[in-house]
Amino acid sequence: MGFVLILNPWATEMRKYPRLDLVLLALPLAALVSGCGAGDDASGEGGDRPTIVVTTTILGDVVSSMIGGHAEVSTVMPAGASPHDFQVSARQGQEMREADLLIVNGAGFEEGLLDVIEAAETDGVPVYEAISAVDALAVGEGAGHGHGHEDEDEDETPGGPEEDHGAEDESGSGDVDPHFFTDPGRMATAAEGILDRVVEQIPALDTPQVRQQAEDHIAELVDLDAEIEAVLAVVPAERRVLVTNHAVFGYFADRYEFEQVGVILPGGGTGGGASAGVLAELADAIEREGVRAIFADTSSPTDLARTLADEVGDVAVVELYSESLGGAGSDADTYPAMMRTNAQRIADALG
């Protein structure tokens, strides 16, 4: 048992007021005892709560909406970051290795974090891939070639599927497209999988309050899917064609019956460039399909998209949020806001 020695500089004066002396001596002792108990409160009021670390801003928003207030939810990437080349700080790496649960997109999406994710898993951190719960597509599978072009070879699409990135699927038949989040219906399914893994891995979070909060948000995602379908209803079938900076919107195209004519940047990343041949092929496809808009990424340069639009003429360049949320206060600072903004911009451009 330890002892606490408290020196009272006013001891002489306090002899005149012995009761006051006792009160002053009691105050620091009370503070000391109180301080020893801080952090032991499991209710979350300044105490230790389960820690869930999420890699991307998109998943971070969904997980925070489902579990926030009951666990510490930390998102690794900042708004606007590219998952293909983002690197974590030493502090973030430590957070990932000490998490009660690490939630990632999966299918090779976080290219710059794969080594850190693997290291965390090696250290014993449970890792959950959100894409594991959904009906995944192979790269290019959601970029349908309808509207009278069924006889064309899908692999001949300018900047097309064979050049895109992704993780090898279990059947070995091709790469898995990691961008499931462009379909809010699949995001709702992924959220259900996240909830199941959270309550399995962290029993303290398996409460009626957590489940209700999470299920309420999942219902919102289902409603969001229907809302976006209604927004896109103004776009006739013959105009449901997409030309994008890179292959992000395959799941969107699959869900809402769009044809993805081609992508400007070969490969799945946002960097690099396109050859003159690819741009020429895309220009021909745009003219042939009567494409009204080229969709670029808000987080990437639009120079190539604008050059292509100028080459064809009478084609708008419209920026969409693709692999990250926008900054605070933007029209895409939450996942639902991002999806609504993208849907409205597509509807306005093609409707």
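In which helix is the place of aspartate 225? This tour of a predicted model begins with that residue, after a view of the chain as a whole.

**The whole chain**

Display the entire chain as a cartoon. Its secondary structure consists of 11 helices and 10 strands. Of the 351 residues in the chain, 48% are buried. Next, show the surface: the chain exposes about 16,600 Å², and carbon and sulfur atoms supply 50% of that area. Consider also the contacts between residues at least 6 apart in sequence: 65% of them join residues at least 24 apart.

**Aspartate 225**

Select residues 208-231, which form helix H7; aspartate 225 lies in this helix. Is aspartate 225 buried or exposed? Its relative accessibility is 13%, and because buried means under 20%, aspartate 225 counts as buried. Now show the side chains around it. Apart from neighbours within four places in sequence, aspartate 225 is in contact with Asp183, Pro184, Gly185, Arg255 and Tyr256.

**Helices H9 and H10**

Select residues 276-289 for helix H9 and residues 303-312 for helix H10. How do the two helices lie relative to each other? Their axes come within 10 Å and cross at roughly 55 degrees, so H9 and H10 are oblique to each other. The crossing of these two helices is right-handed.

Finally, display the residues where the helices meet. From H9, select Leu279, Leu282, Ala283, Ile286 and Glu287; they meet Leu304, Leu308, Glu311 and Val312 in H10. Coloured by class, this contact shows seven nonpolar residues, two charged residues and no polar ones.

Terms used:
Residues numbered from 1 in each chain as written. Predicted model: local features only at pLDDT ≥ 70, side-chain atom pairs only at ≥ 80, totals over all residues. Heavy atoms only, no water. Helix = DSSP H or I, 4+ residues; strand = E, 2+ residues; numbered from the N terminus. Buried < 20%, exposed > 50% of the residue type's maximum accessible area, 1.4 Å probe, protein only. Contact = heavy atoms within 4.5 Å. Axes fitted to C-alpha atoms, helices over the stretch in contact; angles between N-to-C directions. Parallel < 35°, antiparallel > 145°, perpendicular 65-115°, else oblique. Left-handed = near helix turned anticlockwise from the far one by under 90°. Nonpolar A, V, L, I, M, F, W, Y, C, P; charged D, E, K, R; others polar. Areas by Shrake-Rupley, 256 points an atom, 1.4 Å probe, with all protein chains shown as cover.
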